[in-house]
Amino acid sequence: MSLSTKDKTLVKSFFTKIAPKAEDIGNEALSRTLFVYPQTKTYFSHWKDLSPGSAPIRKHGLTVMTGYMDAVEKIDDLLAGLLELSELHAFTLRVDPANFKIITHNVLVVMAMYYPDDFTPEVHVAVDKFLSKVNLALSEKYR
Amino acid sequence: MVEWTDAERAAIQDIFSNLDYEDIGPKALRRCLIVYPWCQRYFGGFGNLYNAEAILSNPMVAAHGIVVLHGLDRAMKNMDNIKNTYAELSVLHSEKLHVDPDNFRLLADCLSVVIAGKMGTAFTPEIQAAWQKFLAVVVNALGRQYH
């Protein structure tokens, strides 16, 4: 499932549009990940507050969204571009890759919430394909 | 048996009482057919599904979206017995329609995205959790009679 030229254009323009709200989106997406899928909290036992909208969640949500926006810049070669991040997730964080899909779902939900008119089905499929490729690139170094 | 808190029941009832079936049903099915195009395999008789524009303007897709959404009514009215309520529908989807049950999950995800788009920030994490739990039970019940 590779990204067409149209997919890349849609992804780039949509991420440019949402960039100003990156922190809010990241916060909402991560808050929902931890709340709606409580098993994901196991990765954050070192945080004091895991309730939606807490300070560590807001901060980390921005980190994650910045990662996605960086991936957009590297959209033409995600495997190479995300190599270091993949090593981080594989060897240091050791996040089960099944969880990447969970964050992806919540990012899509929050995009729909904040941009109901812009997050059309065509933008949705382009972004979903892009995030799936990001997840694949992040899983690259696992085994 | 699925346990529902009062808050969860209220959240589900609330979403349904404000639901415009004629709007949300078509939106969810169209989104599913566009975002997960392999789902189109079940709609061979629906005419032109060739691209997003065609799907978005296809009247049969819109009509069927309403049918599917009304199908959820039964679950909402029988929240303590969804498994049995959907036994017949499950057999139908398995024996007659031959739908891969993974597709139920895909449509459920699209429905969540559409509801999120409609409710905006009113779609709180708590409401999202209740809604997705409800859909997960429905999806599970629809796949139950497959063998």
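## Conventions

Contact here means heavy atoms within 4.5 Å, and helices (H or I, at least four residues) are DSSP runs numbered from the N terminus. This is a predicted model, in which local features need pLDDT of at least 70 and side-chain atom pairs count only at pLDDT 80 or more, while totals for chains, interfaces and linings use all residues. Residues are numbered from 1 along each chain as its sequence is written, chains are lettered from A and ligands numbered from 1 in the order in which they are written, and side-chain values use heavy atoms, with hydrogens and water left out.

## H2 against H6 in chain A

Let's start with a helix pair. On the H2(A) side, Asp24(A), Ile25(A), Glu28(A), Ala29(A), Leu30(A), Arg32(A) and Thr33(A) meet Ile102(A), Ile103(A), Asn106(A), Val107(A), Val110(A), Met113(A) and Tyr114(A) of H6(A). By class, this contact has nine nonpolar, two polar and three charged residues; Ala, Val, Leu, Ile, Met, Phe, Trp, Tyr, Cys and Pro count as nonpolar, Asp, Glu, Lys and Arg as charged, and the others, Gly among them, as polar.

H2(A) covers residues 22-36, and its axis lies 8 Å from that of H6(A) at an angle of about 130°. That makes the two helices oblique, the class left over once angles under 35 degrees are called roughly parallel, over 145 roughly antiparallel and 65 to 115 roughly perpendicular.

## H6 against H7 in chain A

H6(A) (residues 98-114) also packs with H7(A) (residues 121-139), at about 155° and with axes 10 Å apart. The pair is therefore roughly antiparallel. Among the residues making the contact are Phe100(A), Lys101(A) and Thr104(A) of H6(A) and Asn135(A) of H7(A). The contact residues divide into seven nonpolar, four polar and two charged.

Asn135(A) is buried, at 10% relative accessible area, where buried means under 20% (1.4 Å probe, protein chains only). Setting aside neighbours within four places in sequence, Asn135(A) touches Phe100(A), Lys101(A) and Thr104(A).

## The core and chain B

The largest nonpolar core has 94 residues, of which Val127(A), Phe130(A), Trp131(B) and Phe134(B) touch the most other members. Such a core joins buried Ala, Val, Leu, Ile, Met, Phe, Trp, Tyr and Cys residues through side-chain atoms within 4.5 Å. Beyond neighbours within four places in sequence, the contacts of Phe134(B) include Trp4(B), Phe16(B), Leu72(B) and Ile82(B).

Ala141(B) lies in H8 of chain B, residues 125-143, and is buried at 2% relative accessibility. With neighbours within four places in sequence left aside, Ala141(B) is in contact with Ile82(B), Lys83(B), Tyr86(B) and Ser90(B).

Conventions. Axes are lines fitted to C-alpha atoms, for helices over the stretch in contact, and angles run from 0 to 180 degrees between N-to-C directions. Buried means under 20% relative accessible area, exposed over 50%, partly exposed in between (1.4 Å probe, protein chains only).
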